[in-house]
Amino acid sequence: MSTYYASLLAESGILLLGALSVYIILATGQLSLGNGAFMGIGAYLSSYLTVALNVPLTLALVISAIAAGIIGAIVAFPALRLKGIYLAMATVGFGEMVRSFFLNFDAMGGSGGYRGMQHISVGYVWLWAGGILIAVMLLERSRVWLEMQAVHDDETAAGLIGLNTTVTKIGAFGVGAAVAAISGGLFAHHNVYIEPANFGFDRSIEFVLAVILGGSTVGPGSLVGSLLLVFLPEFLRPIADWRLAAFGTLLIVVLLVRRQGILDRSLIRTLTFRRAAA
Amino acid sequence: MLIQQLVNGLTLGAVYTLLALSFSLVMGILGILNLAIAELFMIGGYLGFTLITAGFPLPVAVLGGMLGAAVIAIAIEKIGYQPLRDAPLVTPMLSTLGFSIILQNVATNIWGSDPAQLPDEYFGKQYAFGPVNIGEMQLIVLVATVVLVALVAYIVQKTPMGRALRAVAENREVARILGVSADRLTMLAFILSGSLAGVAGVLIALHYGTITPYLGVEIGLKAIAVMVIGGTRQIWGALVAGPLIGIAEVLTVAYGGSQVRDFVVYGFMILILLLRPQGLLGGARSDQGQRV
Amino acid sequence: MSNALLQLTGVTKTFGGIHALSGMVCEVPEGKIVGVIGPNGAGKTTLFNTITGAYRADAGEVKLKGVDVTQWPSYRIVREGIARTFQNIRLFGSMTVWEHLLVAQPHSESAWRRLLPIAWANPAAQERAEEVMAFFGLTELRDRPAKSLPYGIQRKVEMARAVTARPKLLLLDEPVAGMNHDEAEEIRALMIRLRDTGLTILLIEHDMNFVMRLCDYLYVLDFGVLIAEGRPEEVRANPVVLDAYLGKDS
């Protein structure tokens, strides 16, 4: 495998984690357009830990995930009052605030960025990405996931049949933030250079795009979406300048003809059934 | 010095007002966030730029930017909103995001990703009022904003179409009951909103004398904050919130350092969302949960 | 009746000055089927919403087995033992019948078990779901998306979902609205079977005949005020009740 493709593969693993972070939050009916910020928190914190304090990378990622998870839960608490688009706008604001914070955070380079991280292999990236994807797929079969779906479908009814919707929503935000932080930590150590612009609105949008395109009702949808976003441009080489427009068009088409995204429960069933039959 | 800053802040605020008004025309009436407005603004700016440098007079440039943006707004409404109007409100927002991505890409390919500069000879004139200098373009921006806001006010308050728009904004269910004409109202809201964004784009591009394809995101996100601060269901909130944020921004840059400014603006927006979701100017609470 | 399962004293709820419910007093004894009737807008659903914590009562107390639950959040009230259905069915759009029967069950197992796949970690919950599914005759429909089912069956799924929570008291909001005679009879039989298993039921209903043949005791509301109560035959003979019903319909 050439270094070029290895690097693309690593990128898609990092994007997969970002997409999963949006997916987990979206599963409770909350759209976050600010997950780039949690990614940034993970990237900066883990880089500081490995570069300045010589903490081993894996430990640094775990610490960053926990820290971002706590921040996510704290952010989610006031956000409980907001729904739908109002929540989405608040997360945009949060994302911009965090980006602005890192721009001013001179201790870690401010707008000049931060470097000095040890480069990691694509295998290490996918160890995390694959592991977390499997964990999410197991979670999708659990009681907790059913509760999240209930909150997603009808929050009022969920509360009235005995579910603690507050805990569910805050928990989803916390876990989503933690996953985004791991994505950020891996990004920082794969790229070996980070700057605040890496974690802005565009990044948050990229995560959402991967989820919506790949399939927003099943975990593996994020995998499809991430691979698509990273590798499709390779096939679009002849129209390289227009690849973003192609994604925009694809997004609109998917929303119009297949709102749940490319992959959904019934498609998975069809695919696995065929394989079993053959 | 302070007065000079206030005037500069007012100019920036005027543009925020126009763009926030553009967002709130769609948001207030249909409850959806049209993210492509940011890009309509940017495209409007480029169109105006192109027309001015081709030698056309300012009114033609403004009209060009306005028409161009309005036409794209119509396309967005037809393709990206109409088919999705019964979907959850987040879905049409994502489709406008699709348009936003496309428009930015188109602009990059047509005009390049480097900043385009307006030669100095355009609108370079300065008028001195005592210690305060006002550029020719600054004056135009301020006057145009007042005129446009008055025009929108007239349309929304006095015309039958405007009254229908307000009725729909009060109670979204009315839109469904109104049936066929609800489609026309939706279209009208998109066109009005797109035109405003286009004009705002021309004005700010000429005021700054420079433009990039990324202008939309930068100022558009800020305009969303302004809309929220003014009140999303409150078309007039933007009139107060725009200048307020413009001045606050210019002052934080002048006295606090340029980078804290975004932090302050978005922090303020989040506080408003949480504590006063109906916006600064009040009105009915907009976030009340559904009843059983 | 101090052995009442549910006890309401002076429960009042106003919306912008309008009394949706004023000074409501009622008791639901254990093991009985109690009905609340009244014309449209009488405050019946408001009563349910206030009992289950969807609305906060402005005054008065709601007690379940002597425990004051008036100010509790709704999920705690459910866990304390009050489950309900809704007037306009509120099933979860993305879930199958089977999932509906799992989601509302009380948390008997530890938190981490709830994070694991149900098939591995929650045999008890699955057993309970099977049992309720069989009781309601839904076993065949197990993997069907609940919202795709016929209206009458959706009502049953909603009742079954409430029952899986192992409530002490089941609140049913117009359980036979929009059903034909046969379907309504089936629901009536189910309710009697549920009562025979020891469940207490409080229901709102429009259909007078249905209530008369089912309930052990009735409360009659009009404009948020309790205007009569008693056994069905007493209520039927009460001129005040006739007035409230006939006066409005004509």
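Across the interface of chain A and chain C in this predicted model, the rule finds 3 salt bridges, a salt bridge being a side-chain nitrogen of Lys or Arg within 4 Å of a carboxyl oxygen of Asp or Glu. R265(A) forms a salt bridge with E99(C), and the closest N and O atoms of this pair are 3.3 Å apart. Between chain A and chain C there are also 14 residue pairs in polar contact, with both residues at pLDDT 80 or more; a polar contact is a pair of N or O atoms within 3.5 Å, where within protein one must be able to donate a hydrogen and the other to accept it, and where residues adjacent in sequence count only if both atoms are side-chain atoms. On the side of chain A that touches chain C, at least two residues each come from α5 (122–139), α6 (143–153) and α7 (155–160) of chain A, with helices (H or I, at least four residues) and strands (E, at least two) taken as DSSP runs numbered from the N terminus. Of the elements of chain A, α6(A) gives the most to this side, with 7 residues. By class, the side of chain A that touches chain C holds 10 nonpolar, 6 polar and 6 charged residues, where Ala, Val, Leu, Ile, Met, Phe, Trp, Tyr, Cys and Pro count as nonpolar, Asp, Glu, Lys and Arg as charged, and the others, Gly among them, as polar.

The extent of this interface can be given by contacts and by area. In contact terms, meaning heavy atoms within 4.5 Å, 22 residues of chain A meet 31 residues of chain C. The area buried between chain A and chain C is about 2400 Å², and carbon and sulfur atoms give 61% of that area; buried area is the accessible area (1.4 Å probe) that two parts lose on being put together, summed over both. R143(A), L160(A) and I161(A) supply 34% of the area that chain A buries against chain C, more than any other three residues.

Chain A also meets chain B, and here the contact takes 41 residues from chain A and 45 residues from chain B. The area buried between chain A and chain B is about 3700 Å², of which 76% is given by carbon and sulfur atoms. I85(A), Y86(A) and M89(A) supply 18% of the area that chain A buries against chain B, more than any other three residues. The count of residue pairs in polar contact between chain A and chain B is 5, both residues being at pLDDT 80 or more. Two or more residues on the side of chain A that touches chain B come from each of α3 (57–79), α4 (84–104), α7, α9 (201–214) and α11 (243–257) of chain A, and the largest share, 16 residues, comes from α4(A). This side of chain A divides into 28 nonpolar, 7 polar and 6 charged residues.

Between chain A and chain B the count is 1 salt bridge, and R99(A) forms a salt bridge with D262(B), the closest N and O atoms being 3.8 Å apart. A search of the whole structure finds 26 salt bridges over all chains. R99(A) lies in helix α4 of chain A and D262(B) in helix α11 (residues 260–275) of chain B, so the pair joins two chains. D262(B) counts as buried at 12% relative accessibility, with buried meaning under 20% relative accessible area, exposed over 50%, and partly exposed in between (1.4 Å probe, protein chains only). R99(A) and D262(B) are linked with E96(A), K222(B), E249(B) and R261(B) in a network of salt bridges.

Chain B itself has 11 helices and 4 strands, and of its 292 residues 53% count as buried.

Within chain C, E131(C) forms a salt bridge with R128(C), the closest N and O atoms being 3.1 Å apart. Both residues lie in helix α6 (residues 123–135) of chain C, 3 residues apart, about one turn of the helix. E131(C) counts as partly exposed at 47% relative accessibility, whereas R128(C) is buried, with a relative accessible area of 10%.

Residues are numbered from 1 along each chain as its sequence is written, and chains are lettered from A and ligands numbered from 1 in the order in which they are written. Local features need pLDDT of at least 70, side-chain atom pairs count only at pLDDT 80 or more, and totals for chains, interfaces and linings use all residues, while side-chain values use heavy atoms, with hydrogens and water left out.
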